[in-house]
Amino acid sequence: MLKISIKDSQTRRLLVLEGKIIAPWTDELTKVACQDRANHLAGRELVIDLGGVTDISGDGEEALYSLMVQGVKFRGG
């Protein structure tokens with residue numbers, strides 16, 4: 001299971017991830033991140049916090065890399 005919490009500020013939208021980045025949750029993460037970039041950012045940066053992630057599958061690595069290439073920032077704990 002993957003929990004995605006959204007925390008907004010004036011300069012960024014932070015997605016806090018907790019759990020496992022594995023299928024089928026990789027699709028959900030990509031969907032949420034892409035929707036945010038298209039609809040809700042209004043000039044803010046998108047940052048994904050990986051501090052609460054316990055496992056990342058190969059699909060998860062590909063999803064994170066794809067988001068990185070699109071300009072999403074990451075932080076860990």
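Biologist: Where is Gly52 placed?

Modeller: Gly52 sits in strand β3, residues 45-56; helices (H or I, at least four residues) and strands (E, at least two) are DSSP runs, numbered from the N terminus. Residues are numbered from 1 along each chain as its sequence is written, and side-chain values use heavy atoms, with hydrogens and water left out. This is a predicted model: local features need pLDDT of at least 70, side-chain atom pairs count only at pLDDT 80 or more, and totals for chains, interfaces and linings use all residues.

Biologist: What is Gly52 in contact with, leaving aside neighbours within four places in sequence?

Modeller: Leu17, Glu18 and Gly19, where contact means heavy atoms within 4.5 Å.

Biologist: New topic: how many salt bridges does the structure hold?

Modeller: Four, each being a side-chain nitrogen of Lys or Arg within 4 Å of a carboxyl oxygen of Asp or Glu. One of them pairs Lys3 with Glu18 at 3.9 Å, N to O. That pair links distant parts of the chain, strand β1 (residues 2-8) and strand β2 (residues 12-21), 15 residues apart.

Biologist: And which residue forms a salt bridge with Arg13?

Modeller: Asp8, with the closest N and O atoms 2.6 Å apart. Arg44 also forms a salt bridge with Asp8, at 3.2 Å. Salt bridges that share partners join Asp8, Arg13 and Arg44 into one network.

Biologist: Is Arg13 buried or exposed?

Modeller: Arg13 counts as buried because its relative accessibility is 10%; buried means under 20% relative accessible area, exposed over 50%, partly exposed in between (1.4 Å probe, protein chains only). Arg44 is buried too, at 16%, while Asp8 is partly exposed at 45%.
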